[in-house]
Amino acid sequence: MSKEARSPFTVLEFNCTTIRVCRSAIVKGKRVVTHCFSFEAKDSESSTPKKIAKELKDHGLAIKEVVLALPRYAAASRLMRLPSMNQGEIKEMVRLRISRESFGTSLENIVYDWRRIGFDKDGYALVSVFLMQKETIRRYICILEKAGIFVSKVTLNTAGLLNWSAHAKATQDQSSAKCFYLLNADHDTFDFNLLLQGYSVFSRTFVIGES
C-alpha cells in the first residue's frame, strides 16, 4: 500500500446551503470514516470561511490532506454521440465539441473530463462529459483558503456516486442489474443521476426554492 493510500484525508463537499465534512483514515489496517458531519453555510456568504474554521475546531478536527468536492450544479453535463471507435479521435472530437460549448470563453478557461460509455448499434461512441469554468473552481478553493485550508485534490460530488456504482456488487454479479437511478438530496437541491454500468448517462440538478 502506497504512502498516499495509507494517509488520512478529509473531504469537504459544498452543496447549496450545506457543507459536508468526512474524514477517512487507516485504523487497524482498514480504511474507516472517523468523522462525518454537516452544517449550514452558503458558498455565497462572506461568513462561510469563519463557519468552516469554527466547525472544524468544535469537532476537534485538524486536517492536512483535503479533497474539495464541488456541487453537481457547478458543472454542465453532456452525453455525446461521436462517429468514431478510435480513442485518439474520440478525445479530439470531445475537445472540439467542448470548445464550442465553452460558456462564451476560451477552452483554456474550461476544465472537463470524459468517459466512453460504449458504442451504439451504428458504431458511434457514447461519451459522458462533465465541464465547468476554472473560475468556479478557484472561487471554492478561495473560500477554503480563507479558512486556512489548502486543497490537494478537486473532484465533483458525482464522482463518488460513479465510483460506488462501478464497484457495486450488483454490477459485478448480476448481468441484468446494469442501470441505477440515484437521487442525491440536500436541503434545497436534488441531483438526479442515471448511471449505466458505472457511467453517467444523464445528470441534472433541481433547485427547490423557498415557499
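This is a predicted model: local features need pLDDT of at least 70, side-chain atom pairs count only at pLDDT 80 or more; totals for chains, interfaces and linings use all residues.

Tutor: Residues are numbered from 1 along each chain as its sequence is written, and side-chain values use heavy atoms, with hydrogens and water left out.

Student: Which residues touch the most other members of the largest nonpolar core?

Tutor: A nonpolar core is a set of buried Ala, Val, Leu, Ile, Met, Phe, Trp, Tyr and Cys residues joined through side-chain atoms within 4.5 Å. Buried means under 20% relative accessible area, exposed over 50%, partly exposed in between, with a 1.4 Å probe and protein chains only. The largest such core has 24 residues, and those touching the most other members are Phe14, Val21, Ile52 and Ile149.

Student: Which element gives the most to this core?

Tutor: Helices (H or I, at least four residues) and strands (E, at least two) are DSSP runs, numbered from the N terminus. Elements giving two or more residues include strand 2 (18–27), helix 2 (48–58) and strand 7 (125–133). The most, 4 residues, comes from helix 4.

Student: What does Val21 contact beyond its neighbours within four places in sequence?

Tutor: Contact means heavy atoms within 4.5 Å. Val21 is a member of the largest nonpolar core. Its contacts are Thr10, Val11, Leu12, His35, Cys36, Phe37, Phe39, Leu56 and Leu61.

Student: How many residues does the second, separate core have?

Tutor: Ala76, Met80, Val94 and Val127 are among its members. The count for this core is 12 residues.

Student: How many salt bridges does the structure hold?

Tutor: The criterion is a side-chain nitrogen of Lys or Arg within 4 Å of a carboxyl oxygen of Asp or Glu. One of them pairs Lys51 with Glu45 at 3.3 Å, N to O. The total is 8.

Student: Is Lys121 buried or exposed?

Tutor: Lys121 is linked with Arg81, Asp120 and Asp122 in a network of salt bridges. Its bridge to Asp122 is 3.7 Å, N to O. Asp122 counts as partly exposed because its relative accessibility is 47%. Lys121 has a relative accessible area of 80%, so the class is exposed.

Student: How far apart in space are Phe119 and Ser84, C-alpha to C-alpha?

Tutor: Phe119 is found in strand 6 (residues 110–119). Phe119 touches Ser84, and also Met85, Ile90, Tyr124 and Ala125, not counting residues up to four places away in sequence. The pair is 35 residues apart in sequence, and the spatial separation is 9.1 Å.

Student: Is Thr18 buried or exposed?

Tutor: Thr18 lies in strand 2. Beyond four places in sequence, residues it touches include Glu13, Ser38, Asp186 and His187. At 4% relative accessibility, Thr18 is therefore buried.

Student: Which residue in strand 11 stands opposite Asn193?

Tutor: Strand 10 (residues 189–196) and strand 11 run antiparallel, joined by 8 bridges. Opposite Asn193 stands Ser203.

Definitions and conventions. Two strands pair if DSSP finds at least two bridges between them.
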